[in-house]
Amino acid sequence: NLQVPGGWAYAGGGIKGIILYNINGNSFKAYERSCPHLAPSTCTRMAVEQSFKMKCPCDQSEFNIINGTPLTLNINYIAKEYKVTLINTNTLKITNF
């Protein structure tokens, strides 16, 4: 799924894992799966829904997968983003900025 624009995948790393998103085949986004507005717990691992948003199961809050901004009212935190570098067609490098 990650090799096509609009595709996404989960990866290890971070606090609760990482969500990877293919923007256009050459640009990618990577976000921490831990809900940004809550302390890490058993229900704070975000999941991708409908291929365009990330959802926190604790309170059903939603975040835009393109830029990490909250889609839910009264949430003031954006999803933590990691830097993604395209090394070649099969390799991404994910780092803290």
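**Loops, bridges and a pocket**

Me: Is S51 buried, partly exposed or exposed?
Reply: The relative accessibility of S51 is 35%. Buried means under 20% relative accessible area and exposed means over 50%, with partly exposed in between (1.4 Å probe, protein chains only). So S51 counts as partly exposed.

Me: Before we go on, what kind of model is this?
Reply: Residues are numbered from 1 along each chain as its sequence is written, and side-chain values use heavy atoms, with hydrogens and water left out. Local features need pLDDT of at least 70, side-chain atom pairs count only at pLDDT 80 or more, and totals for chains, interfaces and linings use all residues, as this is a predicted model.

Me: Where does S51 lie?
Reply: S51 has a positive phi of about 60 degrees although it is not a glycine. Strands here are DSSP runs (E, at least two residues), numbered from the N terminus. S51 sits in the loop between strand 4 and strand 5.

Me: And Q50, what is its phi?
Reply: Q50 is found in the loop between strand 4 (47-49) and strand 5 (53-55). With a relative accessible area of 56%, Q50 is exposed. Q50 isn't a glycine, yet its phi is positive, at about 55 degrees.

Me: Which residues join K55 in one salt-bridge network?
Reply: A salt bridge is a side-chain nitrogen of Lys or Arg within 4 Å of a carboxyl oxygen of Asp or Glu. K55, buried at 17%, pairs with E49 at 3.8 Å, N to O, and E49 is partly exposed at 30%. K55 also bridges to E62, the closest N and O atoms being 4.0 Å apart, and E62 counts as buried at 18%. Bridges that share partners join K55 in one network with E49, K53 and E62.

Me: How many residues apart are K29 and E81?
Reply: K29 forms a salt bridge with E81, with the closest N and O atoms 3.2 Å apart. That pair links distant parts of the chain: K29 is in strand 3 (residues 28-32) and E81 is in strand 7, putting them apart by 52 residues.

Me: How far from K16 is the nearest side chain of opposite charge?
Reply: K16 is in the loop between strand 1 (8-11) and strand 2 (18-22). Lys and Arg count as positive and Asp and Glu as negative, while His and the chain ends are not counted. K16 is buried yet has no salt bridge, and the nearest side chain of opposite charge, E32, is away by 8.1 Å.

Me: Which residues does G17 touch, leaving out those up to four places away in sequence?
Reply: G17 lies in the loop between strand 1 and strand 2, and at 8% relative accessibility G17 counts as buried. Contact means heavy atoms within 4.5 Å. Leaving out residues up to four places away in sequence, G17 touches A11, Y31, E32 and R33.

Me: How many polar residues are in the lining of the largest pocket?
Reply: On a 1 Å grid over the protein atoms alone, a pocket is an open set of points where a 1.4 Å probe fits, with protein on both sides within 12 Å along at least five of seven lines, and lining residues have an atom within 4 Å of a point. The lining includes L2, F28 and N88. Ala, Val, Leu, Ile, Met, Phe, Trp, Tyr, Cys and Pro count as nonpolar, Asp, Glu, Lys and Arg as charged, and the others, Gly among them, as polar. By class, the lining has no charged residues, four nonpolar ones, and, as for polar, six.

How values were computed. Helix = DSSP H or I, 4+ residues; strand = E, 2+ residues; numbered from the N terminus.
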